Amino acid sequence: MPNKQERETILFVDDERSYLAYTRGVFENRGLNVLTAASALEALKIVEEQNVAVVISDNEMPGMRGIELLSKIKEVSPHTVKIMMTGSADLSTTLAAINSGEVFRFVLKPWKKADMLRAVKDGIRRYRVLQSLKREDEFILFSLAQTIELKDASTKGHCDRVATLANKIAERLGVSEEIKQEIRYGSWLHDCGKIGVPEAILNAERGLTDEEFQVVMKHPEWGCEVVRKANLSKTVQNIVLYHHERYDGRGYPQKLDGDRIPIEAQIVATADICDALTMDRPYRRGFTRDETIRTMNEMKGNHLAPRLVEVLLEVLAEEAEVQG
């Protein structure tokens with residue numbers, strides 16, 4: 001087991017509190033941070049707020065069944081390993097969940113101490129493998145973003161600047177570290193669908209024709225398909241798919257409006273537009289800082305959520321103060 005500074009967190013979810021108390025005793029002094037939750041909603045809140053290596057959930061619970069909880073956790077925290085506690089009557093459901101990738105292992109209830117210890121040990125090992133792959137993936141994802149930028153020389157460094165700015169906005173909004181990491185990945189990859197857009201269109205030194213713009217408008221869907229097939233999280237998929245939606249519902253590809261646009265996509269869109277305004281393009285020069293601030297203010301309530309623009313401007317003001 002890791003030392004105290006590196007302890008992984010495991011979360012047990014069961015509406016029977018006697019099981020939760022017993023579980024704490026079983027895993028006491030085993031080098032793990034043990035959390036418990038008496039409901040699916042309580043568990044989901046914990047996973048949204050901190051890194052959890054393994055979730056072990058009962059299936060039959062009031063309100064939200066365990067299988068639904070684990071499916072939601074897969075979206076929120078894709079690297080959290082999921083173990084199902086199940087009765088024999090639920091065994092076919094659990095096996096189907098394992099086959100679909102929703103569940104890593106199952107333990108029959110009432111469970112034996114040795115079976116649970118073995119399942120959690122396997123889960124921790126799986127989590128460590130996923131973490132090591134994720135660290136390598138960061139290099140791969142960033143390299144992919146740089147490759148995409150080669151198609152349009154004027155956008156060099158754009159994706160990384162968007163990631164930095166988006167995370168500063170997310171920080172001020174109190175977003176969890178896990179989601180901020182996903183926002184960084186989504187920022188790097190938000191334009192990955194442009195790999196399918198001809199360079200003659202991307203680098204056109206004129207306004208695009210209607211037909212050409214229709215091609216450009218396909219890149220969020222093309223990009224989402226790429227990140228979906230790469231098994232990246234729902235958060236990353238949302239950023240790639242929805243970063244051209246507008247707060248007033250006049251964006252693309254689905255014309256979502258207001259809070260129907262996932263917040264992670266709204267954050268990245270705000271950072272994306274801000275950075276894009278400052279870049280020199282074949283058809284216009286980059287905006288000055290004052291021009292950028294004025295334009296971002298004009299986008300409140302139409303292109304962008306007013307609150308996010310306000311947070312962005314706070315970030316820019318703080319940067320300007322640091323720079324003197």
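Helix α3 (residues 66-76) lies across β1, β3 (54-58) and β4 (81-86), and its direction runs at about 180 degrees to that of β4. Helices (H or I, at least four residues) and strands (E, at least two) are DSSP runs, numbered from the N terminus. Angles run from 0 to 180 degrees between N-to-C directions, and axes are lines fitted to C-alpha atoms, for helices over the stretch in contact. The model is predicted, so local features need pLDDT of at least 70 and side-chain atom pairs count only at pLDDT 80 or more, while totals for chains, interfaces and linings use all residues. Residues are numbered from 1 along each chain as its sequence is written, and side-chain values use heavy atoms, without hydrogens and water.

The strands belong to an open sheet of five, in the order β2-β1-β3-β4-β5, with parallel pairing; two strands pair if DSSP finds at least two bridges between them. Because β2 (33-37) and β5 (105-108) stand at the edges with a single partner strand each, one side of each has no neighbour in the sheet. On average, neighbouring strands are turned by 20 degrees against each other, direction ignored.

Strand β1 (residues 9-13) is joined to the parallel β2 by five bridges, and L11 stands opposite L35 in β2. Helix α1 (residues 17-27) packs on the sheet and touches β1 and β2, where contact means heavy atoms within 4.5 Å. The direction of α1 makes about 175 degrees with that of β2.

Elsewhere in the chain, helix α11 (residues 234-242) packs with helix α12 (residues 263-278) at an angle of about 50 degrees, their axes 8 Å apart. The contact is made by T235, N238, I239 and Y242 of α11 together with E264, A265 and V268 of α12.
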